[in-house]
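I opened this entry to keep a careful record of what I looked up, one item after another. The structure comes first, and my notes follow below.

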Amino acid sequence: MKLHLADIALTRARLFEDKAELAKARALIEECGYGRRLPELEDAERRLGLAR
């Protein structure tokens with residue numbers, strides 16, 4: 001279920017340029033070890049100016 005929540009948070013972050021959702025997505029992705037979404041997460045962070 002958490003993987004679905006991570007996908008939703010990431011999609012909302014990208015769609016609405018929502019930094020809070022992006023932080024939520026990162027936390028869920030790291031918690032679950034959801035490496036498949038790391039490239040999308042990093043791209044979204046770059047687009048929102050939050051690159052690590």
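I began with Phe-16, which has a relative accessible area of 52% and is therefore exposed, where exposed means over 50% relative accessible area, buried under 20%, and partly exposed in between, with a 1.4 Å probe and protein chains only. Phe-16 has its place in helix H1; helices here are DSSP runs of H or I with at least four residues, numbered from the N terminus. From Phe-16 to Ile-29 I noted 13 residues in sequence and 19 Å in space, C-alpha to C-alpha.

Before going on, I wrote down that this is a predicted model, in which local features need pLDDT of at least 70 and side-chain atom pairs count only at pLDDT 80 or more, while totals for chains, interfaces and linings use all residues. Residues are numbered from 1 along each chain as its sequence is written, and side-chain values use heavy atoms, with hydrogens and water left out.

**Entry: helix H1**

The expected span of a helix is taken as 1.5 Å times one less than its number of residues.

Which residues of H1 are buried? I found Ala-6, Ala-9, Leu-10 and Ala-13. They cover an arc of only 95° around the axis, which puts them on the same side of H1; the arc is that of the directions from the helix axis to the C-beta atoms.

The buried residues of H1 pack against helix H2 (19-32) and helix H3 (38-47), with contact meaning heavy atoms within 4.5 Å. On the face of H1 turned away from its buried side I found the exposed residues His-4, Leu-15 and Phe-16.

I also looked up a nonpolar patch on the surface, formed by Met-1, Leu-5 and Ile-8, with about 340 Å² of accessible area together. Patches are made of residues with over 30% relative accessible area and no salt bridge, like charges being joined within 9 Å and nonpolar side chains (Val, Leu, Ile, Met, Phe, Trp, Tyr) within 5 Å; the areas come from the Shrake-Rupley method with a 1.4 Å probe, and for residues only the protein chains shown count as cover. Leu-5 lies in helix H1 and is partly exposed, with a relative accessible area of 39%.

Glu-17 lies in the loop between H1 and H2, and although Glu-17 is not a glycine, its phi is positive, at about 50°. At 57% relative accessibility, Glu-17 counts as exposed.

For H2 I repeated the length check: 14 residues at 1.5 Å a residue should span 20 Å, and the end C-alpha atoms are 20 Å apart, which agrees. The buried residues of H2 are Glu-21, Leu-22, Ala-25, Arg-26, Leu-28 and Ile-29, and what covers them includes H1 and H3.

**Entry: salt bridges**

Side chains of opposite charge can pair when their charged atoms come close. How many salt bridges are there? Counting a side-chain nitrogen of Lys or Arg within 4 Å of a carboxyl oxygen of Asp or Glu, I noted eight salt bridges.

Lys-2 forms one with Glu-31, the closest N and O atoms being 2.3 Å apart. Lys-2 lies in helix H1 and Glu-31 in helix H2, so this pair ties together parts that are 29 residues apart in sequence.

Arg-14 and Asp-43 meet in another salt bridge, at 2.8 Å from N to O. This pair links distant parts of the chain, with Arg-14 in helix H1 and Asp-43 in helix H3, 29 residues apart. Both partners are partly exposed, Arg-14 with a relative accessible area of 38% and Asp-43 with 25%. Leaving aside neighbours within four places in sequence, Arg-14 is in contact with Glu-40, Asp-43 and Ala-44.

Glu-30 and Arg-26 also meet in a salt bridge, at 2.6 Å from N to O. Being four residues apart in helix H2, Glu-30 and Arg-26 are separated by about one helical turn. At 45% relative accessibility Glu-30 counts as partly exposed, whereas Arg-26, at 9%, counts as buried. Lastly, I noted that salt bridges with shared partners join Asp-7, Arg-14, Arg-37, Glu-40, Asp-43 and Arg-46 into one network.

Notes: Helix = DSSP H or I, 4+ residues; strand = E, 2+ residues; numbered from the N terminus.
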